Amino acid sequence: MTDTAVAAIIPAKDEAARIAATVDAVRRLDGIDLVVVVDDGSSDATSELARAAGALVVRHPRNRGKAAAMTSGAGYVSRIEFEEGRVGPGAERRALLFVDGDLEASAANLGVLIPPVSSGEADMTIATLPPQKTAGGGRGFVVRLARAGIEEFTGFRAVQPLSGMRCISRRAFDAATPLARGWGVEVGLTIDVLLSGMQVLEVPCELHHRVSGSDWRGQLHRARQYRDVALALAHRRLRRVTG
Ligand SMILES: Nc1nc2c(ncn2[C@@H]2O[C@H](COP(=O)(O)OP(=O)(O)OP(=O)(O)O)[C@@H](O)[C@H]2O)c(=O)[nH]1
Ligand SMILES: [Mg+2]
């Protein structure tokens, strides 16, 4: 086992109520030496609260979507590594741990995602969550679309294809860049890492997050997710045909 250092990247939009608890839990995880919150155009105090909790903060002045936030976070980590002199072939790059901003104290349980990546057993680990305290308002359309899409391209049957909590080696992240846009990012990552011949492992993790309900906000969120997952799959079908 190598002791690859790990940078946590937390994309967040309007998470003032939860971001401090999430950052606090992530900072305490073994192996994490950088915590970067990417505030994607929040209209609340997400940035200030993240900084006060000890995170480095990158802010998008306007909302650009989850994939753009993840790319900004990874770019910020690269700049730090450049300043540290970790450049060129053979440089020890950090693995990246992507964490949703709404996990609060349960983010303390994310540690299980790191060892398989540090040891090289997997290039990307994905957390699967237990049943949540409140039921979601969706009927599983997006999950089924995502699962079937990943299976079509790779044969891999994901238990929770949309889970955002992932630890990924730099090599795998670079292979999957540019990321699928918006909410298609998780499906795109899983497909692209697997198609690069790398290993993906789902790992059960005791996490709890705010679940989107059945109100109009929840329905809008799921409609956007559906659109972005469908687009990620369509782009990959096109790529398969055009090479
Ligand atoms: N960068 C970015 N992140 C966002 C945006 N909207 C939400 N997020 C963050 O993405 C993460 C997941 O968002 P959620 O709204 O919890 O979505 P979810 O957990 O996939 O949805 P449900 O399972 O349906 O509740 C959280 O950290 C949010 O703060 C956005 O527009 N841009
Ligand atoms: Mg959530």
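Let me start with Val23, which sits in helix α1. Val23 has a relative accessibility of 0%, so it counts as buried. Buried means under 20% relative accessible area, exposed means over 50%, and partly exposed is what falls in between, with a 1.4 Å probe and protein chains only. Between the C-alpha atoms of Val23 and Val36 there are 8.9 Å, and the two residues are 13 apart along the chain.

A word on conventions. This is a predicted model, where local features need pLDDT of at least 70 and side-chain atom pairs pLDDT 80 or more, while totals for chains, interfaces and linings use all residues. Residues are numbered from 1 along each chain as its sequence is written, chains are lettered from A and ligands numbered from 1 in the order written, and side-chain values use heavy atoms, without hydrogens or water.

Now the overall fold. The protein chain has eight helices and seven strands. Its radius of gyration is 17 Å, close to the 18 Å from the globule rule for 243 residues, so the chain is as compact as a globular protein of that length. That radius is taken over C-alpha atoms, and the rule is 2.2 Å times the number of residues to the power 0.38. Along the principal axes, the C-alpha trace spans about 45 × 40 × 35 Å. Of the 243 residues, 49% count as buried.

Next, ligand 1. Which residues come nearest to it? Out of 19 residues around ligand 1, they are Glu15, Asp40, Gly101, Asp102 and Ser212. A residue is near if one of its heavy atoms lies within 4 Å. By class, the shell has five nonpolar, seven polar and seven charged residues. Nonpolar takes in Ala, Val, Leu, Ile, Met, Phe, Trp, Tyr, Cys and Pro; charged is Asp, Glu, Lys and Arg; the others, Gly among them, are polar.

For Asn63 the distance is 2.9 Å. For His209 it is 3.2 Å. For His221 it is 3.0 Å. Taken alone, ligand 1 exposes 640 Å², and the protein buries 86% of that. Those areas come from the Shrake-Rupley method with a 1.4 Å probe; for residues, only the protein chains shown count as cover. Which elements give two or more residues to this shell? They are β1 (6-12), α3 (66-83) and α8 (216-242).

On to the metal. Ligand 2 is a magnesium ion, coordinated by Asp102 through OD and His209 through ND1, at 2.2 to 2.3 Å. The two are 107 residues apart and link distant parts of the chain: Asp102 is in the loop between β4 (95-98) and α4 (114-118), His209 in the loop between β7 (200-204) and α8. Donors are N, O and S atoms within 2.8 Å of the metal, or 3.2 Å for Na, K and Ca; water is not among the atoms, so sites may look incomplete. Are the two residues buried or exposed? Asp102 is buried, at 4% relative accessible area. His209 is partly exposed, at 29%.

Now backbone details. Glu104 is not a glycine, but its phi is positive, near 50°. At 33% relative accessibility, Glu104 is partly exposed. Asp14 is another non-glycine with a positive phi, about 55°. Asp14 lies in the loop between β1 and α1 (19-27), and it is partly exposed at 30%.

Where is the cis peptide bond? It runs from Thr177 to Pro178, with omega near 5°. Pro178 is in the loop between α6 (170-175) and α7 (185-195).

That brings us to α7. Nine of its eleven residues are buried, so the helix is largely enclosed by the rest of the structure. Among them are Glu186, Thr190 and Asp192. After α7 comes Gly197, with a positive phi near 85°.

Last, Arg94. It is in the loop between α3 and β4, and it is buried at 2% relative accessibility. Its side chain joins that of Asp33 in a polar contact of 2.8 Å. A polar contact is a pair of N or O atoms within 3.5 Å; within protein, one must be able to donate a hydrogen and the other to accept it, and sequence neighbours count only if both atoms are side-chain atoms.

Key. Helices (H or I, at least four residues) and strands (E, at least two) are DSSP runs, numbered from the N terminus.
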